[in-house]
Amino acid sequence: MKIAKFWLVALSFAAILVFASCDKDDDKDPTLYEKLGGTERVADPAGGGMIEKGRLGLRSVVDSTIFVIAADPSLSPYFASLLGEVGSGNLTNLAVLSKNLTDFFCVATGAENFAYDGLDMAAAHDPARNPRMALKADNASYDSFIAAVVVGAQQNSVPSELITEVGALLETLRTTVVQR
Amino acid sequence: MKPIILLMRTLGILLLLSGIVFICYTYYKAVPFINDPKANLQLSRIDFSDTLTANQAKAIRASLAEIEGVQHAFVNPDAGTLVYSHYPAVVSAEKVHAQLSAAVPQPMERHRVDAAALASGCPVTGEKGIMRRMTNFWLNIFRNPNAL
């Protein structure tokens, strides 16, 4: 009898835990990363293998955005090294920026399987702490950067409501990035 | 055993272990790029003397598509700029400029980045010199740089 009571209590407790955790998952709002594709793995059109759908979407946007940035003379002072030539067979700045910016956006939109190991945004955009930052960013150049991301997202058919969310996310970084 | 020999052996073992750790770390950093087709993809820019119309931009993109080694292009008509990606092992920026100049009538010149600008810029493009060289080392071992 005592054993039966013990198992009854244990099973009841387990059931409460399970249903309580399910309730939490149901109420949890999807992250922006999940809305952009999440962790579902799909074939990677570039390079083979599999890739998370969310990362694939963000990478496509980043790659398109890089072209828009490089073609904008107002952003040239900040991204000049993108157009720097490297020797044949060597790793290009395009590849480095694509990976690092994709990592950053994955983490910023809520992905859990990636890490951004660069400088924090304040230090990264402060010439006193980061010698690669030749000059401080101003609002006009940050507006151009956000506009470039929007164009990149539109080129990849990202739904307008998600573009708005990405834009809002970038706006939260404005006061940190813009230091002039 | 003499202390000096013991010390040298210890230092030798530590050096060897450090070298192994360094090699593994640089390989780990290079892995994301080894199978990335963008690893050797160069970005170059051409500046036109004036703004471009939609038809001119379309003609420029069509001409670029004919050049082997060019992978993708974006035209900013309002700024009169063209950015394209290409594999330097197949076609250099000079050759692309020469071929495009022969194909379209608009005056253009190659956008060049000086040494000062190359040393600065967005921090996410920054890589420490030794890490970049080691990544190149692993890239050239595991990938054919001429493959598209």
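This is a predicted model: local features need pLDDT of at least 70, side-chain atom pairs count only at pLDDT 80 or more; totals for chains, interfaces and linings use all residues.

Analyst: Residues are numbered from 1 along each chain as its sequence is written, chains are lettered from A and ligands numbered from 1 in the order in which they are written, and side-chain values use heavy atoms, with hydrogens and water left out.

User: Which elements make up chain B, and in what order do they run?

Analyst: Helices (H or I, at least four residues) and strands (E, at least two) are DSSP runs, numbered from the N terminus. Chain B has five helices and four strands, in the order α-β-α-β-β-α-β-α-α from the N terminus. Of its 148 residues, 41% are buried, where buried means under 20% relative accessible area, exposed over 50% and partly exposed in between, with a 1.4 Å probe and protein chains only.

User: How should I check the length of helix H7 of chain A?

Analyst: The expected span is 1.5 Å times one less than the number of residues. Helix H7(A), residues 139–155, has 17 residues and should therefore span 24 Å, which agrees with the 24 Å between its end C-alpha atoms. Just after H7(A), Ser157(A) has a positive phi of about 55°.

User: Which residues of H7(A) are buried, and what covers them?

Analyst: In general, an α-helix has 3.6 residues a turn, so residues three or four places apart point the same way. The buried residues of H7(A) include Tyr142(A), Phe145(A), Ile146(A) and Val149(A), and their cover includes helices H3 (53–70), H4 (76–79), H8 (160–172) and H9 (174–177) of chain A.

User: Which residues have the most contacts inside the largest nonpolar core?

Analyst: A nonpolar core is a set of buried Ala, Val, Leu, Ile, Met, Phe, Trp, Tyr and Cys residues joined through side-chain atoms within 4.5 Å. The largest has 49 residues, and Phe79(A), Tyr142(A), Leu170(A) and Leu43(B) have the most contacts inside it. H3(A) gives this core its largest share, eight residues. A second, separate core of 18 residues includes Phe48(B), Ile67(B), Val70(B) and Ala93(B).

User: Is Ile5(B) buried or partly exposed?

Analyst: Ile5(B), which lies in helix H1 (residues 3–34) of chain B, counts as partly exposed because its relative accessibility is 38%.

How values were computed: Contact means heavy atoms within 4.5 Å.
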